[in-house]
Amino acid sequence: MELDETLGQVWTPDEIANEMAREAFALIPNVKKILDPACGPATFSKAINQLGFKEIELICYDVDPRMYNFTSHINQKIGLKSETRNQDYLLDSSLENSFDLVIMNPPYIRQELIERETKEYYHQYLGAKLGVSIDKKSNLFALFLLKGILDLAPNGIMCAIVFDAVQNSAYGKKTLSILSEYAELISTKTVATPFDNVLIDAQILIYKKREKKITSIIQYQESKNNLFIPLENLLKSRRGTALPKRAPFLADTGDKYYKYSSPFFIKQNRLEGLVIKPDQRIYLTNSDLEKIDGFQDWMNERLEKYNLSENKKFVKPVKGSIAFNYYIRNAPRHLWNKDNIALSDNFYVSETKGDFPTEVAWLLLNSDQYLNRLTASARNQGNGLRKLQLYEYKNVLLPNWNLLSDVDIAELFDLSKDLIQSGAESKKIQELASNIVKKLMDL
Ligand SMILES: C[S@@+](CC[C@H](N)C(=O)[O-])C[C@H]1O[C@@H](n2cnc3c(N)ncnc32)[C@H](O)[C@@H]1O
């Protein structure tokens, strides 16, 4: 069937739809009423049918008459107790608190493309029901998420696959913040470019609706008590040492002034574990080095060879405890700079804010829960490579470690120190950290 892009049509691949259905059903064994508010070609009907549940009832919506016909037909054919409605889901105000499960791939439609009056109605309805004003820039999928939660019964589950704009945009973050007041985030998972012909990554979000709304556990604004806060509220980060050109600064054992060079770290791919060991040495010119006989001339000559002027020799080394390579291939990780050496600008270099122990931050940052959130905000560069800009890194919402108790922090401090001392394997550290975050932060 031809896609109607004006209706935000992209289809969820069957394997992903099956996985979403499986995970959602596992969370609500007694599921009865299910809603698919943007059904398309019966993708989730088929996925749900595979699970073989008998006592369920599925309500589907789609504004496209072709999708309505197709889904009605499929639902009938597979014998699901169901009703399909050729209607705008967002305009149906009769569904509040009705469903055990909402499963969806909502339409991604920019707000400029939505008719003004209709949009105003959506905003008015959702704003009044949720008691907040909803960002006018919200893409349609954000409104589907909000209405989805509204239409869930207490303790019901919402499982949605959405474009990663949900993490990367201001309206997306605000939407997540509103959602978190009404529902608990059970899991998030990034899926790299799941949709045919759309070069965009997606997130699978699973929420459980709370019995009662809570006030602002996650807030978009800064606050010390938020469960999730932007990385920049936890860490001071900057790019590593920028060399105007590498070659004239890199030291070679045969150099006359080699012994005056300083340890440097450029690449993580040969590193075992998560503790940095220098892999190069460079000349960091300072006033002491300048006093050494002949050094100035020798260095200037090297610079000249690379068309660099003399004053370029004063490179400001960037050192810091935690390093993160912002080109992400398979395994993103945070490295520990044990000997406080200068790090190359392949890395963002960070220290913690306040008096939170840096060692503990390093450990937590290596958990799946933290790393997945970072990867989810990175942009695809093709060939499995992703890049996270510094401002994106700083904006990622991360579990707030300031909420941990002093006792927990003290224990984690000892553990982190041991892991650093023993040069533990990265996989082991990641596993340990993920279990800790799960246990202590319930994530
Ligand atoms: C992203 S597709 C997902 C389809 C299917 N659930 C899947 O995952 O393969 C979203 C669907 O929502 C429909 N749609 C767009 N606006 C809608 C609205 N306001 N109410 C209900 N359905 C809508 C589109 O026609 C499209 O079929």
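Helices (H or I, at least four residues) and strands (E, at least two) are DSSP runs, numbered from the N terminus. This is a predicted model, in which local features need pLDDT of at least 70 and side-chain atom pairs count only at pLDDT 80 or more, while totals for chains, interfaces and linings use all residues. Residues are numbered from 1 along each chain as its sequence is written, and side-chain values use heavy atoms, with hydrogens and water left out.

**View 1. Met104 in strand 4, and the chain as a whole.** Met104 lies in strand 4, which covers residues 99-104. Met104 has a relative accessible area of 0% and is therefore buried, where buried means under 20% relative accessible area, exposed over 50%, and partly exposed in between (1.4 Å probe, protein chains only). From Met104 to Leu365 the C-alpha separation is 31 Å, and the two residues are 261 apart in sequence. The chain holds 15 helices and 19 strands, and its C-alpha atoms fill a box of roughly 85 × 50 × 40 Å, taken along the principal axes. Of its 443 residues, 54% count as buried.

**View 2. Ile322 in strand 12.** Ile322 is placed in strand 12, and with a relative accessibility of 1% this residue counts as buried. Ile322 and Leu91 are 231 residues apart along the chain, and their C-alpha atoms are separated by 49 Å.

View 3. A pair of aromatic rings is described by the distance of the centres and the angle of the planes. Rings of Phe, Tyr and Trp (its six-membered ring) pair if their centres lie within 6.5 Å, and planes under 30 degrees apart count as stacked, over 60 as edge-to-face and the rest as tilted. A search of the whole structure on these terms finds 22 aromatic pairs. In one of them, the ring centres of Phe265 and Phe347 are 5.3 Å apart and the planes stand at 25 degrees, so this pair is stacked. Phe265 and Phe347 are both buried.

**View 4. The tilted pair of Tyr348 and Tyr393.** The rings of Tyr348 and Tyr393 have centres 5.2 Å apart and planes at 45 degrees, so the pair is tilted. Because Tyr348 lies in strand 16 and Tyr393 in helix 13 (residues 390-395), the pair ties together parts that are 45 residues apart in sequence. Tyr348 counts as buried at 0% relative accessibility, and Tyr393, at 0%, counts as buried too.

**View 5. A cluster of aromatic rings.** Tyr108, Phe141, Phe163, Tyr171 and Phe195 are joined into a cluster by ring pairs.

View 6. A salt bridge is a side-chain nitrogen of Lys or Arg within 4 Å of a carboxyl oxygen of Asp or Glu, and a search of the whole structure finds 15 of them. Arg66 forms one with Asp64, where the closest N and O atoms are 2.8 Å apart. Arg66 is partly exposed, with a relative accessible area of 33%, whereas Asp64 is buried at 6%. Lys174 forms a salt bridge with Asp135, the closest N and O atoms being 3.1 Å apart. This pair links distant parts of the chain, since Lys174 is in helix 7 (residues 170-182) and Asp135 in the loop between helix 4 (116-130) and helix 5 (140-151), 39 residues apart. Lys174 counts as partly exposed at 33% relative accessibility, whereas Asp135 is buried with a relative accessible area of 18%.

View 7. The side chains of Lys147 and Asp151 meet in a salt bridge with an N to O distance of 2.8 Å. The two residues are 4 apart in helix 5, and are therefore separated by about one helical turn. Lys147 and Asp151 are each buried. Elsewhere, a network of salt bridges links Glu19, Glu23 and Lys189.

**View 8. A patch of negative charge on the surface.** Asp297, Glu301, Glu304 and Glu310 gather in a surface patch of negative charge. Patches are made of residues with over 30% relative accessible area and no salt bridge, like charges being joined within 9 Å and nonpolar side chains (Val, Leu, Ile, Met, Phe, Trp, Tyr) within 5 Å. Glu310 lies in the loop between helix 10 (295-305) and strand 12 (322-325), and is partly exposed, with a relative accessible area of 49%.

Conventions:
Areas by Shrake-Rupley, 256 points an atom, 1.4 Å probe, with all protein chains shown as cover. Lys, Arg positive; Asp, Glu negative; His and termini not counted. Charge placed at Lys NZ, Arg CZ, Asp CG, Glu CD.
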